[in-house]
Amino acid sequence: MSSQPYTYITLTMRPDSTPHLGISFHTPGLRVSSGILLSNPRPYLELSSREANVHISTTAAGPVTDANLSTAREIFNAAARYLADCERLHTEQSATTKEADTTAT
């Protein structure tokens, strides 16, 4: 496993199966944005790095459905859990680093 930043992309295509695309971002260079597409009003969410872009939007440019709202809530809740885990681990790692610095002096 690399300790350097990277984006990992796989495409799996099997006979008689739907292709599967996997994108894993492991980089501090990740950008996240959202907005409304004005030409056909609908919301979007974008995750991007230098190597890949992922765009999420409502179904087929139609009206926002209950399913779209459910998906947006799942994204929101997952992002909140991700933030909480990052904050907890950052705090723990900072405390460990400070403790090691104190012990070393």
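Predicted model: local features only at pLDDT ≥ 70, side-chain atom pairs only at ≥ 80, totals over all residues.
**Questions on Glu46 and other residues**

Me: Which side chain of opposite charge is nearest to Glu46, a residue with no salt bridge?
Reply: Glu46 is buried (under 20% relative accessible area; exposed is over 50%, partly exposed in between; 1.4 Å probe, protein chains only). Lys and Arg count as positive, Asp and Glu as negative, and His and the chain ends are not counted.

Me: In which strand does Glu46 lie, and which residues does Glu46 touch?
Reply: Helices (H or I, at least four residues) and strands (E, at least two) are DSSP runs numbered from the N terminus, and Glu46 lies in β4, residues 42-48. Contact means heavy atoms within 4.5 Å. With residues up to four places away in sequence not counted, Glu46 touches Arg31, Val32, Ser33, Asn53, Val54 and His55.

Me: What is the relative accessible area of Gly62?
Reply: Gly62 sits in the loop between β5 (53-57) and α1 (66-104). Gly62 is classed as partly exposed because its relative accessible area is 25%.

Me: How far apart in space are Gly62 and Arg31?
Reply: In sequence, Gly62 and Arg31 are 31 residues apart. From C-alpha to C-alpha, the distance in space between Gly62 and Arg31 is 27 Å.

Me: How many salt bridges does the structure hold?
Reply: Arg88 forms a salt bridge with Asp85, with the closest N and O atoms 3.8 Å apart. The side chains of Arg88 and Glu92 also meet in a salt bridge, at 3.4 Å from N to O. For the structure, the number of salt bridges is two.

Me: Which residues are linked in a network of salt bridges, and where do they lie?
Reply: Arg88 and Asp85 are separated by about one helical turn because they are three residues apart in helix α1. Arg88 and Glu92 are four residues apart, about one turn of helix α1. The network of salt bridges links Asp85, Arg88 and Glu92.

Me: What is the relative accessibility of Asp85?
Reply: Arg88 is partly exposed, with a relative accessible area of 41%. Glu92 counts as partly exposed at 41% relative accessibility. Asp85 also counts as partly exposed, because its relative accessibility is 38%.

Me: What value is phi of Asp16 near?
Reply: Asp16 lies in the loop between β1 and β2 (20-26). Asp16 counts as exposed because its relative accessibility is 86%. Most residues other than glycine have a negative phi. Asp16 is a residue other than glycine with a positive phi, near 60°.

Definitions and conventions:
Residues numbered from 1 in each chain as written. Heavy atoms only, no water. Salt bridge = Lys/Arg side-chain N within 4 Å of Asp/Glu carboxyl O.
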